[in-house]
Amino acid sequence: MSNSPSDLNHLLAALNRLSYDELIHLNHEVVERIRFMRQASTLMEMTKFRIGDWVEFDADDGRLIVGLAIRVNQKSISVQPADNPKATWRVHPARLRKSQQKRNI
């Protein structure tokens with residue numbers, strides 16, 4: 001579907017003709033479609049990493065965390081930081097990047 005203004009106007013006009021029950025059903029369909037698209041995107045991001053890869057990410061406090069990918073979970077990658085091998089971070093793959101800094105753990 002193109003995103004031209006006339007297409008969007010037709011869509012909005014069609015929405016205005018829907019009943020309450022039809023809008024509720026449409027909402028469920030839209031939410032399910034968004035969920036599917038997010039899952040597909042996450043899956044594509046996950047394929048970039050393997051167990052044993054050195055990865056890095058920026059923590060919420062601004063620190064650069066460098067570590068080893070130790071597990072691929074359903075929605076995240078478990079990372080063992082090089083500077084604290086007893087800790088584990090679960091990181092969404094969109095926040096990770098491969099690291100050039102390889103350290104001993």
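Biologist: How many aromatic pairs does the count come to?

Modeller: The count comes to one aromatic pair. The rule is that rings of Phe, Tyr and Trp (its six-membered ring) pair if their centres lie within 6.5 Å, with planes under 30 degrees apart called stacked, over 60 edge-to-face and the rest tilted. This is a predicted model, in which local features need pLDDT of at least 70 and side-chain atom pairs count only at pLDDT 80 or more, while totals for chains, interfaces and linings use all residues. Residues are numbered from 1 along each chain as its sequence is written, and side-chain values use heavy atoms, with hydrogens and water left out.

Biologist: Why is the pair of Phe57 and Trp89 called edge-to-face?

Modeller: The ring centres of Phe57 and Trp89 are 5.2 Å apart and their planes stand at 65°, so the pair is edge-to-face. It links distant parts of the chain, as Phe57 belongs to strand 1 (residues 54-58) and Trp89 to strand 4 (residues 89-91), 32 residues apart. Strands here are DSSP runs of E with at least two residues, and helices are runs of H or I with at least four, numbered from the N terminus.

Biologist: What makes Phe57 buried or exposed?

Modeller: Buried means under 20% relative accessible area, exposed means over 50%, and partly exposed lies in between (1.4 Å probe, protein chains only). Phe57 has a relative accessible area of 1%, so Phe57 is buried. Trp89 has 29%, and is therefore partly exposed.

Biologist: Which residues make up the largest nonpolar core?

Modeller: A nonpolar core is a set of buried Ala, Val, Leu, Ile, Met, Phe, Trp, Tyr and Cys residues joined through side-chain atoms within 4.5 Å. The largest has eleven residues: Met46, Phe49, Val55, Phe57, Ala59, Ile65, Ala69, Ile77, Val79, Val91 and Leu96. Strand 1, strand 2 (64-72) and strand 3 (77-81) are the elements that give two or more residues to this core.

Biologist: How do you know that Ala69 counts as buried?

Modeller: Its relative accessibility is 2%, so Ala69 counts as buried. Ala69 is found in strand 2. Contact means heavy atoms within 4.5 Å; leaving out residues up to four places away in sequence, Ala69 touches Arg50, Ile51, Gly52, Asp53, Val55, Ile77 and Ser78.

Biologist: Glu56 and Asp58 both belong to strand 1. What makes Glu56 buried or exposed?

Modeller: Glu56 has 13% relative accessibility and therefore counts as buried. Beyond four places in sequence, its contacts are Leu64, Ile65, Val66, Arg95, Leu96, Arg97, Lys98, Ser99 and Gln101. Glu56 and Gln101 are 45 residues apart in sequence, with their C-alpha atoms 8.6 Å apart.

Biologist: Why is Asp58 called partly exposed?

Modeller: The relative accessible area of Asp58 is 38%, so Asp58 is partly exposed. With neighbours within four places left aside, Asp58 is in contact with Arg63, Leu64, Arg95 and Arg97.

Biologist: Which residues line the largest pocket?

Modeller: The lining consists of Arg38, Gln39, Thr42, Leu43, Met46, Gln74, Lys75 and His92. On a 1 Å grid over the protein atoms alone, a pocket is an open set of points where a 1.4 Å probe fits, with protein on both sides within 12 Å along at least five of seven lines; lining residues have an atom within 4 Å of a point. Thr42 lies in helix 2 (residues 20-46). At 13% relative accessibility, Thr42 therefore counts as buried.
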